[in-house]
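Open the model in your viewer and keep the selection tool at hand. The tour goes from the whole chain to single residues.

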Amino acid sequence: MEEPVSPKVFRAISVVDVDTILTCSDAELRPILSCLVRMSLIAPMDQSPACLQSRTSVLQVLSRIELVNSIVALLSIDFHSLELDVKKEQQLKQKLGAGTGESILITNITTGPALEFERSDPTRKLRLVLSELMTIMVKPQVEEGTTAPEKIVIKPSELFDHRVYLSEVCDVLTIALAELPALLQPRDVCEALLSVRYGPQIICHIVANQADCYLQVAFHLIGCGERSEEEEEEVRREAVLLLARMCPSHALTIRARCVDQMRLPGLSILLTLEHSCAGGEDNDMVEFMSGLILGSGNLTRNWICHYLKTGQKRKCETLGKLRQELTNRLANILAQCSDRQLPAGLVKETSTLLRLYAALRGIAGLKLVDDEINLLMEVITHHPPANPAGVHLVSLSLAVLLSCNSLISTPALEKQAIEWIKWLVREEAYFESESTGCAASFGEMLLLIAINFHAGQLSSIVDLICQTLGMKMTVRTTNMTRIKQIFINDIFPESTIAAHAVKVPVTRHLSAHVQGFLPVHCMHQLLKSRVFSKHKVSIKSWIYKQICSAAAPLHPILPALIDAYVQSILIPHSHRIAIGDQLNQPLTEQEIREIFSQVVIDSIPGVNPTLSGATPTYKSVPYSSRSSTQPTSRGSRPTRQRGESTAEDSLCVQICVLYYVLLYEDVRLANMKNILSTGRKVCKYSAELLAELPVKFLLAAAENKQAQLQGMFPSLLKLCATHFPHLCLVEDWIRVESTSGVRCGFKGKLSSKFLEKSLKSVSRCPAKAVLALQLMLDLSPNKAWELVDVFIRRILDISVDTVPRHVQELYRSVWMVLNSLYPRKLWLLTVNNLSPKDVVVSPSLTQEELSLDPLATLRCHQAVFRSGPILSIVLYMLKACLAASRTRLSQHLLNALVLTQESAAIQILLESCVETAEEKAASKAGGGAASGGCSQLTALQEIQSLICCYLHEAFIADPNLAKLVHFQGYPTSLVPVCVAGVPSMHICLDFAPELLSQPSLDKQVFAIDLISQLSVQYSLPKSLSAARLAVNSVSTLLSVLHSQTREELIISTLPAMERVCQAFPPLTEDVVSLLLQAGRMCLSSSSLAGYSSPANYDMTSDQYQTKEICDFISEVPDSNTICNLIIKSFRTILQQTALVKRIY
């Protein structure tokens, strides 16, 4: 279709380029004569000589055109009266039921509109055209941006359908729009003109004469279009396309509008094709289609894909042009190749084309025809250059070949594909040597595809295809049967894969920055499918080298690789495996020690353990400037700078090896039954090696660098908590050490001699000790550890009561810092130096002995049990050693010993809470000795508080431990201390009745005293039941016990009865009855004990004997101490219950 208005003319009239207008022919100027006539007749506001000269030049051009006279006549009519009639005409046409033949503008029409138009004067011509236009425009109004409620239907019009009158009608319309702007809007008129036969041409004439409304009209036509372009929308598409041809500079703007509003998809494709055919450097046809299909907007993707699918079914002409253009581009690429070699300049274009075809096939569902298949196969099998872009093209070609099964639909195409893949296998080493800037190659991708085909993991191949192409597409795995057979049988048998994989070099500085398909991906799949075990290929050296080459941030596949490697070492791939079958070998202890030989504690930037007692902190390092010496094929991996510290890489490697060791031990213990049943001998890492690992330091580092470990920290923490619970105590995670205070300004160097001298004379000169300990806190962790022997050797000197509390707190802070590095070594040194010096034989314990006998931590000097900071260290070690022992004993199924050890530790701690004779004497002393007594009592209270906290944690962790300790019993003087200081003591109410039923009277008295104390502390319904049971038990015991034992029972239980009545006044009546019963029994037994009735004796015969008997009798009832105690208890009960003045 020829354009009604040429682009040159439209541009000239838009910018009023008079020089261009003067060069145009009369035929070219015909569409814009109306605009030129109005410009020449209307007086301009610009009166400059240049403007006047331009106007004169335009008049000279118009003077040679005869049609100008008729246009001048149109401008000479009375537009005011015409405007009134047009308003009336609009109102008439919009009325319901108005006849189509009625008109105010035109009356008395005797002939047809066309003949009448030819015979009429200019005024009547204008009225005829406006009347016909009003008839066409009568339809429901549509707002911009909404879908038209009615489809476009071509309406017959005698005036507008005549080609002869078309130019004159266009002149009349342009004059009317220019002179009646309030009534006739260009966009509404253009929308109505779509219903006439030559509507698109008329619209172009109108817009050419009103160039300022170009985008307004174009956007309105697009906004009223359909989302899915149908046949009815061809007229609208033709109109907008003509507008775009009239002004090519706005074609891309119109295309962008179509995409933004998701209207007229065929128009956007046609505009792109015409823009591409125009040539130039901005040819973006492939990029535009790829952006629509692969863009981030799901709505846009669904919009264009729906059009492509429906267009394929109805054989859309626009879609055919698109496919033809893509086919021409493929043919053009092949035409520039020679000897099946693809030039380097065409690699990028070929890659984008292949990716677009993959998107059209996998996302839009486009079925490839034979010509496209043959051309695609030719392009894919051409040999690209050996550079990173060529490697990337090969990867894309492999993905396209796997996703489009029709590419090997014939034997010839299949043979061509096999030869190409074999060529890739042969040339892999050459490509890898030549493409020096590429860290990943297509060899790993080929290997990974073959591995997944052997394992039958077709879904993994689909994920690989999507990841390579960078899109989420639909790939039918049912159509991969033939390509699977090609890879398995013809190219990569399983034995070839295993032999080839171990020869692949490891990836240097493997980190998350390295993208693409790497050897580590292939090894992971091979280990999962047990290919190495089946074919007896050793993989240990490759795994060890790859772990040592790891860098931060950790590559996400590395933890999975370690998991698969450990599984392949310990778990056979089949339960029918023979004893002689080979499994993978584990890492040796020597190899593990070599990795941990490098000290990274002081090398990590930002370590400041003095600010945190248990967890060292780290300064985050930006990783945008670090990576290996080779960038990836995609150019996203930065290069490593010279001289940059690799401490973080070493730390990452050590964390990976620690994860391997812990996971190995976990899997080994979990599968020990199967290992023993098959008689296999597996490697077990020694306790010495496990003791040398800096588990706690690495765990703290992993916590601070979780974002760089790709989710390894949760698994690492779980393994540590399972196998090293003593290194994962709860208080380590929640402790916040504070070292605030006055710091000394001394900047000297701390030596071991100065430290030992300062700690030795701490009682005489504590200032030196404070200075030395603060200097030790300021040291780096590894430097501070060098002084640990001298530091621990003087721990008993610190525990003396004459040492100031500030020194002891500083000592504990330093100890906690050292505990964050090598805790097990520190515990062993501390336990060996805490043993009493007066012991005849004091052998040094080993790490193994300490883990087997955790109670050795409590075999320390008595002064430790009166020093709060030092005792807190001992309690910390006790928790850790008990946790370690619990783990070891549970592995040997000796769980009963665990409870025994823990209860023994609690009994030792409870005994240390008992007040000694010296402390009692000091507390009773008055005057000048009061200060010393108060100090000792305060220390005792602190010790009791620390031990009660330990008991609370132990009872909460295992309630059975609380039951065992109370059935064993402890001094009753500690019952009120435990009840008040241990919040979890209320669980004793659950087994109090069982404790009361013990045959031992001492246990029963202990239970009664415990129940009374719990009743005062916890006045609960359960406590009331237990207290009532205790009262009944005492009543029962009074009636069955011997008199002497009964008296002991009464004396022991009277304070308990007082507390019961204080806690539960309703039991006062029962207790008073019990007291009366006890009093009567005591009176009766005391009255009858020790004498008999003097039968046949004359009391008057011997005055001396008579007096002796009377004195004895008078003393019997009044000297009963038990009765006095009962009376005193009765008075106490009355004062606490009945006589109390304040009830609430």
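**Whole protein**

Begin with everything shown as a cartoon, and keep in mind that this is a predicted model. The protein has 59 helices and zero strands. Of its 1144 residues, 50% are buried. Now consider the contacts between residues at least 6 apart in sequence: 74% of them join residues at least 24 apart.

**A nonpolar patch**

Select V730, W733 and I734. These residues form a nonpolar patch on the surface, and their accessible area together is about 320 Å². Show the cartoon again at I734 to find helix α38, which covers residues 730-734. Is I734 buried or exposed? I734 is exposed, because its relative accessible area is 61% and the cut-off for exposed is over 50%.

**A positive patch**

Next select K309, K313, K367 and R476, which gather on the surface in a patch of positive charge. K309 sits in helix α18, residues 298-313. With a relative accessibility of 41%, K309 counts as partly exposed.

**Salt bridges**

Side chains of opposite charge can pair when their charged atoms come close. In the whole structure, a search finds 29 salt bridges.

Select K705 and E648. Their salt bridge has its closest N and O atoms 3.9 Å apart. K705 is in the loop between α36 (695-704) and α37 (712-723), while E648 belongs to helix α33 (residues 647-670), so the pair ties together parts 57 residues apart in sequence. K705 counts as buried at 9% relative accessibility, and E648 counts as buried at 8%.

Move to R886 and E902, another salt bridge, with the closest N and O atoms 2.6 Å apart. This pair links distant parts of the chain, 16 residues apart: R886 is in helix α47 (residues 868-891) and E902 in helix α48 (residues 895-912). R886 is partly exposed at 35% relative accessibility, whereas E902 is buried at 9%.

**A network to finish**

Select D797 and R794, whose side chains meet in a salt bridge at 3.0 Å, N to O. Both residues, D797 and R794, are buried.

Technical notes
Residues are numbered from 1 along each chain as its sequence is written. This is a predicted model: local features need pLDDT of at least 70, side-chain atom pairs count only at pLDDT 80 or more; totals for chains, interfaces and linings use all residues. Side-chain values use heavy atoms; hydrogens and water are left out. Helices (H or I, at least four residues) and strands (E, at least two) are DSSP runs, numbered from the N terminus. Buried means under 20% relative accessible area, exposed over 50%, partly exposed in between (1.4 Å probe, protein chains only). Contact means heavy atoms within 4.5 Å. Patches are made of residues with over 30% relative accessible area and no salt bridge: like charges are joined within 9 Å, nonpolar side chains (Val, Leu, Ile, Met, Phe, Trp, Tyr) within 5 Å. Accessible areas come from the Shrake-Rupley method with a 1.4 Å probe; for residues, only the protein chains shown count as cover. A salt bridge is a side-chain nitrogen of Lys or Arg within 4 Å of a carboxyl oxygen of Asp or Glu. Lys and Arg count as positive and Asp and Glu as negative; His and the chain ends are not counted. The place of a charge is taken as NZ of Lys, CZ of Arg, CG of Asp or CD of Glu.
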